[in-house]
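Subject: Two-chain model, handover and notes

Hello,

Here is the model you asked about. My notes follow below it.

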Amino acid sequence: MTLAPLLNMLSAALQPADVNPTGLRWPSDPQWGNFITAFNAGNVLRLMGSSLFIAIFVVPTSLLFATLAGYALGRLQIRGGRFIFLFLILGLTIPFEALMIPLYYVMKDLGVLNTQWAVIFPLIGLFMPFSVAWMRAHFLGVPKELSEAARVDGASTFQEFIKIQLPLARPALSALTILLFLWTWNQFLLPVVLISDPLDRTVAGALTFFQGQYLSSIPLLNAGALIIIIPTITLFIIFQRQFILALLQGAVKG
Amino acid sequence: MTNRTRNRRAWAKASARRETPLGWLLVVPALAAYLGFVIYPLTAGIQYSFLDWNGVGAAQWVGLENYFRVLTDETLLGSIRNAFVLILFFTLIPISAGLMLATLIRSMKPGLASNLSQTILFLPQIIPLAAAGIAWSWMYAQTGAVNQVLGWVGLESIGRAWLADYDTALAAVGLIGSWVLTGLCTVLFLTGIGKIDASLYEAVRIDGASWWREFVTVTVPGLRQEIAVLSTITVIAALSSFDIIYTTTLGGPGRATLVPGISIYRIGFTQSDVGLASAFGIILMVLVLTLVLPLQRLSRVRDN
């Protein structure tokens with residue numbers, strides 16, 4: 001049941017491009033060339049570049065901000081930290097839909113509308129509640145004795161953070177990396193609303209462009225859509241253990 | 001309290017005080033991004049919601065009128081109703097199916113089969129919802145696989161273009177959501193079942209309980225936390241569905257699958273009624289909050 005739609009995509013993608021295929025049926029003469037046609041006609045290379053550009057800014061920045069804030073809120077227990085945390089958590093319940101109209105005008109005022117920055121900036125902000133909560137939870141779980149021992153040995157906050165806390169945070173950070181990357185790569189609403197040229201969007205956001213382009217050819221539309229999901233599926237199959245763990249923890253903590 | 005721990009506490013207290021300025025400094029980047037790109041737009045949205053504004057020209061203050069318009073407009077209320085119908089498909093079906101499947105997979109021998117089923121069940125979580133929409137619009141087409149399968153079992157008479165039919169479009173779209181979310185529910189329930197005390201299962205088995213009784217008295221109560229978490233996630237997904245609808249029906253046929261997200265998009269960008277779209281956005285946020293907060297409390301109270 002789970003696989004049927006994906007297999008159906010593949011079987012449709014391999015039919016001759018100018019024929020309207022029917023149902024789930026393996027083609028007698030698989031047209032692997034459809035993938036090449038869709039790859040070129042869909043500007044997939046440019047799309048992947050655009051998605052990567054967005055992810056390269058969003059993911060590391062979010063990780064850095066979240067680690068610093070998570071450390072401060074979870075480990076240093078600053079005054080007013082609880083209030084800041086609750087204020088951030090509130091953001092988890094704000095649907096993107098409630099923000100899409102004002103974000104459009106905010107990005108316009110900043111002069112970045114229709115560029116990748118119009119998606120990069122809001123995504124970093126929108127990822128903060130979850131990411132900070134995630135890193136805070138990690139730092140809360142680190143036994144206090146460890147850092148106290150480091151302090152007694154004369155380590156500064158900075159040394160303790162770099163030498164003790166960061167290495168311990170690696171599993172939490174890699175899981176968060178997976179989640180943020182997936183959410184960025186698959187982000188649809190923001191690119192559709194904030195970037196008018198589909199070729200400057202994320203790969204997911206550009207699927208509408210494929211739909212418009214291949215309205216007449218179901219095989220090419222499916223080939224294009226498959227090309228777009230292949231990178232994440234490949235990553236998933238290689239790192240499935242990490243992916244599943246990350247997504248499960250992500251669900252529970254979100 | 002020993003001297004040692006007292007010293008340590010005093011030391012920790014002193015160091016906490018010393019580190020407050022540094023701690024604040026570390027929070028600043030995250031807080032700035034959140035304030036600048038979430039809270040500020042949110043307040044701007046609240047501001048717009050009191051205006052009659054087409055996005056370009058002069059704006060006029062209209063007070064609460066936009067809110068009254070959302071709550072009296074049959075089309076917009078219809079889109080909220082549709083979102084509630086989607087909860088059935090995004091929440092009820094995945095959670096019940098997930099519970100059943102998890103129980104079933106647990107009874108299988110651990111190993112390749114159950115590992116493989118976990119991986120496969122998780123695939124829909126990895127691909128963009130927009131791609132799921134494209135895959136399924138082809139499944140649902142007149143010449144698609146759904147009608148083909150119906151033909152095999154002699155039901156070709158009910159075959160149709162499922163997404164183009166007023167009576168079936170909403171359910172068809174909803175089932176895409178069920179397809180996406182059932183895997184997540186199943187796998188989360190599986191890890192949850194693993195944490196249930198095995199002696200509880202043994203106890204009911206000694207009592208000669210049926211499979212169903214075991215399910216109701218041990219499995220479901222043991223998973224209440226997971227159920228609360230998944231209800232929260234899936235209810236939010238249902239109320240704020242956008243990607244799937246956008247790539248399958250765009251709200252059609254007519255308004256059969258119109259949901260708040262698509263309405264806001266259309267009103268704000270196609271009809272350029274920024275005030276009304278913003279008001280609807282705020283109403284949607286309040287709706288999500290009022291549905292989700294009780295669910296959160298439920299999971300917490302039961303924890304204690």
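What percentage of the contacts in chain B with a separation of 6 or more is accounted for by residues 24 or more positions apart? The figure is 72%. Two residues are in contact if their C-beta atoms, placed from the backbone, lie within 7 Å.

Some conventions before the rest. This is a predicted model, in which local features need pLDDT of at least 70 and side-chain atom pairs count only at pLDDT 80 or more, while totals for chains, interfaces and linings use all residues. Residues are numbered from 1 along each chain as its sequence is written, and chains are lettered from A and ligands numbered from 1 in the order in which they are written.

The chains

Chain A has 13 helices and zero strands, whereas chain B has 13 helices and two strands. Helices (H or I, at least four residues) and strands (E, at least two) are DSSP runs, numbered from the N terminus. The C-alpha atoms of chain A fill a box of roughly 75 × 45 × 30 Å along the principal axes. Of its 254 residues, 50% count as buried; in chain B, buried residues make up 44% of 304. A residue is buried if 20 or more other C-beta atoms lie within 10 Å of its own, exposed if 12 or fewer, and partly exposed in between, with C-beta atoms placed from the backbone. In chain A, 72% of the contacts between residues at least 6 apart in sequence join residues at least 24 apart.

Where the chains meet

The contact takes 73 residues from chain A and 74 residues from chain B. On the side of chain A that touches chain B, the elements that each supply at least two residues include H1, H3 (44-76), H4 (81-90) and H12 (218-238). H5(A) gives the largest share of that side, 10 residues. By class, the side of chain A has 53 nonpolar, 17 polar and three charged residues. Here Ala, Val, Leu, Ile, Met, Phe, Trp, Tyr, Cys and Pro count as nonpolar, Asp, Glu, Lys and Arg as charged, and the others, Gly among them, as polar.

Within chain A, the axes of H3(A) and H6(A) come within 7 Å and cross at roughly 35°. Axes are lines fitted to C-alpha atoms, for helices over the stretch in contact, and angles run from 0 to 180 degrees between N-to-C directions. The crossing of H3(A) and H6(A) is right-handed, that is, the near helix is turned clockwise from the far one by less than a right angle. The contact of H3(A) with H6(A) has 19 nonpolar, seven polar and two charged residues.

Two helices of chain B

In H6(B), residues 145-152, the buried residues are Ala145(B), Val146(B) and Asn147(B). What covers the buried residues of H6(B) includes H1 (4-13) of chain A and H5 (129-139) of chain B.

H12(B) is largely enclosed by the rest of the structure, because eight of its 11 residues are buried. Among them are Pro260(B), Tyr265(B) and Gly268(B). After H12(B) comes Ser272(B), with a positive phi near 50°.

Asp273(B) lies in the loop between H12 (260-270) and H13 (274-303) of chain B. Is Asp273(B) buried or exposed? Asp273(B) is buried, because 21 other C-beta atoms lie within 10 Å. Asp273(B) and Arg224(B) are 49 residues apart in sequence and 43 Å apart in space, C-alpha to C-alpha.

Regards
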